[in-house]
Every structure is written in C-alpha cells, then in structure tokens.
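Here is a note on the model you asked me to look over, written as numbered points. Please keep the sequence and the 3D view open while you read.

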Amino acid sequence: MAPNCTVPLPSGSLMVAFKGDDNKAKVSDVKAGSPMYGKFKVGYTFLELRLGDGTIMTGLDTGELVSALSESSNDNQRVMKLEMSLPAESTIILFGLQKNRRHGLIIEDRFDKRAILTRTTADCPLKREVRVGMVV
C-alpha cells in the first residue's frame, strides 16, 4: 500500500483538477498559482475530506469531491487525506530549459539499485510531474 499524506486546505479555490471514477478521484492537474502547488502531485488519490465542523467524507467520486470542496470553500479548517500513489511508469522530457537553468532534480544511486530521485530543489520546474522515490 502506498503511503498517505494529510494536507490542510486553505479557504478559497484550490486550483486543483481531479479525475477518475468508482470512488477513485485522482489529482489530474495542479495549476502553477495553486496554494496546493508542491503539496499535491498528479496521481495522488483522494481518501478523505475532513471539515472544520468534524464532518468526515470518504468514498466520494470525482463529482462529489469537487462539489464538497466547492461547498466548503469558506472553511479554513478543512483537511484532505491522500494516498501518495505513483504511476507505474512515467516519462519526463527535459527540454526547453534555458541555458544555465537547472532542472532542480537530485538523482542518486541508492542501495546498489537503479538511480532514484532523492530530492527536488525549491525552484524545480518539474515539481508537478516528479516525486521523490521515482526510479530513473
């Protein structure tokens, strides 16, 4: 089972898109100006939404989740629990970076296995697409 994270949600728009069905809403996009940028990653799976009044919502499909987030947008005490799912395979193309601009990825050989992404820098332009632990 993948690890989970619990993330406090600010009031207002999250600027995050979800898709999926059968109670498997997944993060499909996080806008660059989103307050959740760098906290939510594409592919994370929704598990639970807790509101400031103690209401806990689980098993929501994508439409229900989006509605619940919209209806609770004034609640600055809401919290979302997500499964930190990794895609089975992913391709990142490093092109279009300006000369002398770094990609912000720290990749190391760990445990005599394949190279693993171990860290991203604060200014990494690829934060939405990659996760620590990905095998290179």
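This is a predicted model: local features need pLDDT of at least 70, side-chain atom pairs count only at pLDDT 80 or more; totals for chains, interfaces and linings use all residues.

1. Residues are numbered from 1 along each chain as its sequence is written, and side-chain values use heavy atoms, with hydrogens and water left out.

2. The protein chain has one helix and eight strands, where helices (H or I, at least four residues) and strands (E, at least two) are DSSP runs numbered from the N terminus. Along the sequence, these elements follow the pattern β-β-β-β-β-α-β-β-β. Of the 136 residues in the protein chain, 33% are buried; buried means under 20% relative accessible area, exposed means over 50%, and partly exposed lies in between (1.4 Å probe, protein chains only). Among contacts (heavy atoms within 4.5 Å) with a separation of 6 or more, residues 24 or more positions apart account for 52%.

3. The largest nonpolar core holds 21 residues, and Phe40 and Met80 touch the most other members. Such a core is a set of buried Ala, Val, Leu, Ile, Met, Phe, Trp, Tyr and Cys residues joined through side-chain atoms within 4.5 Å. Two or more residues come from each of β1 (4-8), β2 (16-19), β3 (26-30), β4 (45-50), α1 (62-71) and β6 (79-83), and the largest share, three residues, comes from α1. A second, separate core has six residues, including Leu105, Leu126, Val130 and Met134.

4. Which residues does Phe40 contact, leaving aside its neighbours within four places in sequence? They are Val7, Leu9, Val16, Phe18, Val27, Val30, Met80 and Leu82.

5. Val27, which lies in strand β3, counts as buried because its relative accessibility is 2%. The C-alpha atoms of Val27 and Ala17 are separated by 5.9 Å, although these residues are ten residues apart along the chain. With neighbours within four places in sequence left aside, Val27 is in contact with Val16, Ala17, Phe18, Phe40, Lys41, Val42, Gly43 and Tyr44.

6. Thr62 has its place in helix α1 and is buried, with a relative accessible area of 12%. The side chain of Thr62 reaches the backbone oxygen of Gly20 at 2.9 Å. Not counting residues up to four places away in sequence, Thr62 touches Phe18, Lys19, Gly20, Asp21 and Ala25.

7. The lining of the second largest pocket includes Gly12, Val16, Phe18, Val66, Leu69 and Arg78. A pocket, on a 1 Å grid over the protein atoms alone, is an open set of points where a 1.4 Å probe fits, with protein on both sides within 12 Å along at least five of seven lines, and lining residues have an atom within 4 Å of a point. The most lining residues, three, come from α1.

Conventions: A polar contact is a pair of N or O atoms within 3.5 Å; within protein, one must be able to donate a hydrogen and the other to accept it, and residues adjacent in sequence count only if both atoms are side-chain atoms.
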